[in-house]
Amino acid sequence: MLQAHVQQTRLRLILILISPVIVVLMGHFAARLFVSLLGDWAWVGTSLVYWGSLISIIGFLGDKQMIGRWFDKSQGSGWWLVLALGMGLMAFPLLFIPNIHVMNVICPYFYS
């Protein structure tokens with residue numbers, strides 16, 4: 001009984017360790033498939049596969065009680081929220097400003 005539990009724990013650990021490789025491979029093959037099917041909109045299908053595989057792996061290999069705690073109110077300082085939002089918004093001018101011409105394609109009456 002103990003040996004079966006050890007083997008199950010070892011298999012779970014191996015799956016956890018190789019799960020990033022699995023997610024990247026699934027994303028790669030999904031991107032190749034969706035480029036041929038959806039063209040410029042391939043990112044939609046690829047994103048669905050990526051997030052779906054992450055959720056599946058976390059749900060299958062994760063601790064169910066820990067997953068529930070993710071949605072609890074944060075116990076840390078409010079400064080962590082400020083730091084996280086600041087880091088996220090830091091990329092905005094670096095990505096948006098050089099690509100503002102894309103707005104002409106998406107919304108021609110907005111960018112004239």
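Visitor: What do the buried residues of helix 2 pack against?
Guide: They pack against helix 1, in what is a predicted model. The buried residues of helix 2 are Ala42, Gly45, Thr46, Ser53 and Leu61.

Visitor: How do you know that the buried residues line one face of helix 2?
Guide: Look down the helix axis: the buried residues of helix 2 fall within an arc of 100 degrees, so they line one face. On the other side of helix 2 you'll find Trp43, Leu48, Trp51 and Ile55, which are exposed.

Visitor: What span does helix 2 have, and what is expected?
Guide: Helix 2 has 20 residues and reaches 28 Å from first C-alpha to last, close to the 28 Å expected at 1.5 Å a residue.

Visitor: Why is Leu37 called exposed?
Guide: Exposed means over 50% relative accessible area. Leu37 comes in at 57%, so it counts as exposed. You'll find Leu37 in helix 1.

Visitor: And why is Ala31 called partly exposed?
Guide: Buried would need under 20%, and exposed over 50%. Ala31 has a relative accessible area of 25%, so partly exposed is the label. Ala31 is also in helix 1, and its C-alpha is separated by 6.4 Å from that of Ala42, eleven residues apart along the chain.

Visitor: Which residues make up the nonpolar patch on the surface?
Guide: Leu33, Leu37, Leu38, Trp41, Trp43, Val44 and Leu48, with about 770 Å² of accessible area together. Helix 1 (2-38) and helix 2 (42-61) each supply at least two of the patch residues.

How values were computed:
Residues numbered from 1 in each chain as written. Predicted model: local features only at pLDDT ≥ 70, side-chain atom pairs only at ≥ 80, totals over all residues. Heavy atoms only, no water. Patch = residues over 30% accessible without salt bridge, like charges linked within 9 Å, V, L, I, M, F, W, Y side chains within 5 Å. Areas by Shrake-Rupley, 256 points an atom, 1.4 Å probe, with all protein chains shown as cover. Salt bridge = Lys/Arg side-chain N within 4 Å of Asp/Glu carboxyl O. Helix = DSSP H or I, 4+ residues; strand = E, 2+ residues; numbered from the N terminus. Buried < 20%, exposed > 50% of the residue type's maximum accessible area, 1.4 Å probe, protein only. Expected span 1.5 Å × (residues − 1). Arc of directions from axis to C-beta. Contact = heavy atoms within 4.5 Å.
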